[in-house]
Amino acid sequence: DPTGWQPLVTTLFDWQPFPVHRRVPDGESLSVHHFGFFLVCHVTGVTGRFRRTPIRLNLDDLDHLVVTIPLQGSIAFCAPHPQRLRPGDVAVADLRAELVFSMGPGEAIHLILPRMFLPASVAPPGVADLRLLRGERLAARFLVDLAQMLIRMPTYADRAEASGLAAVLRTPLAFCLSAAEGPETARETLRRGRDIR
């Protein structure tokens, strides 16, 4: 079933296909790997517009961060701030915040991390803005390699072993996510200009 991934996605997002839905030759797939504390979602060929609206935010109580890593193609965040992710880039989004993004044909990995899994310095109690790590950053390269390693883990892995691995990964994940930066505001741009002058 080419749309078998939709019920999984719609537990997190309102999904809308593009007006002209181009079929991907290799099909569409979404696989989920459970690591005890967090989930790793591997998405191939899934396209469309994904939203977390105020209505959805009021309907669920998700308190998670989503780390988005495109491997092929690009992902465009429309809200809260326009941003385009290319392969090698990493975005960190808060599922308690309004969010809109579009995915074209390609491949991506999404890490779904509970806020309580991470230290407060990385996942503060308040709603966090979208943060980015560009591909030239060492932390971004580490996250890309780590995510690819995790989706290659065998599905028959022992649950206790997977949870143990997740616990070990807590520190490097927190270190890498702490390097992600929010979008620069107009006020910050003016301040930087003054500093340079």
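This is a predicted model: local features need pLDDT of at least 70, side-chain atom pairs count only at pLDDT 80 or more; totals for chains, interfaces and linings use all residues.
Six strands make up an open sheet. Their order is S2-S3-S10-S5-S8-S11, and the pairing is antiparallel. S2 and strand S11 (131–133) stand at the edges. Each of these two has a single partner strand, so one of its sides is left without a neighbour in the sheet. On average, neighbouring strands of the sheet are turned by 20° against each other, direction ignored. Strands of a sheet pair through backbone hydrogen bonds, in either a parallel or an antiparallel sense.

Within the sheet, S5 lies between S10 and S8 in the strand order. S5 pairs with S10 over eight bridges, in the antiparallel sense. Two positions illustrate this pairing. Thr-68 stands opposite His-110 in S10. Ile-69 has Ile-109 of S10 as its bridge partner. S5 is mostly covered, with seven of its nine residues buried. In a regular strand, side chains alternate between the two faces of the sheet.

Helix H3 spans residues 138–151 and has 14 residues. From its first C-alpha to its last, H3 reaches 20 Å. This is close to the 20 Å expected at 1.5 Å a residue. The buried residues of H3 include four leucine and isoleucine positions, Leu-143, Leu-146, Leu-150 and Ile-151. Val-144 is also buried, as are Ala-139, Ala-140 and Ala-147.

Attention turns to the empty space in the model. Rolling a probe the size of a water molecule over the atoms shows where such space is left. The largest pocket holds about 390 Å³ of space. It is lined by 26 residues. Closest to its centre are Leu-8, Leu-12, Phe-13, Cys-41 and Ile-112. Several elements give two or more residues to the lining. They are helix H1 (6–9) and the strands S2 (29–34), S3 (39–44), S5 (64–72), S9 (99–103) and S10 (107–114). The lining divides into 22 nonpolar residues, four polar and no charged.

How values were computed. Residues are numbered from 1 along each chain as its sequence is written. Side-chain values use heavy atoms; hydrogens and water are left out. On a 1 Å grid over the protein atoms alone, a cavity is a set of points where a 1.4 Å probe fits but cannot get out, and a pocket is an open set with protein on both sides within 12 Å along at least five of seven lines; lining residues have an atom within 4 Å of a point. Grid points are joined across faces, edges and corners, and a volume is the space filled by probe spheres set on the points. Ala, Val, Leu, Ile, Met, Phe, Trp, Tyr, Cys and Pro count as nonpolar, Asp, Glu, Lys and Arg as charged, and the others, Gly among them, as polar. Buried means under 20% relative accessible area, exposed over 50%, partly exposed in between (1.4 Å probe, protein chains only). Two strands pair if DSSP finds at least two bridges between them. The expected span of a helix is 1.5 Å times one less than its number of residues. Axes are lines fitted to C-alpha atoms, for helices over the stretch in contact, and angles run from 0 to 180 degrees between N-to-C directions.
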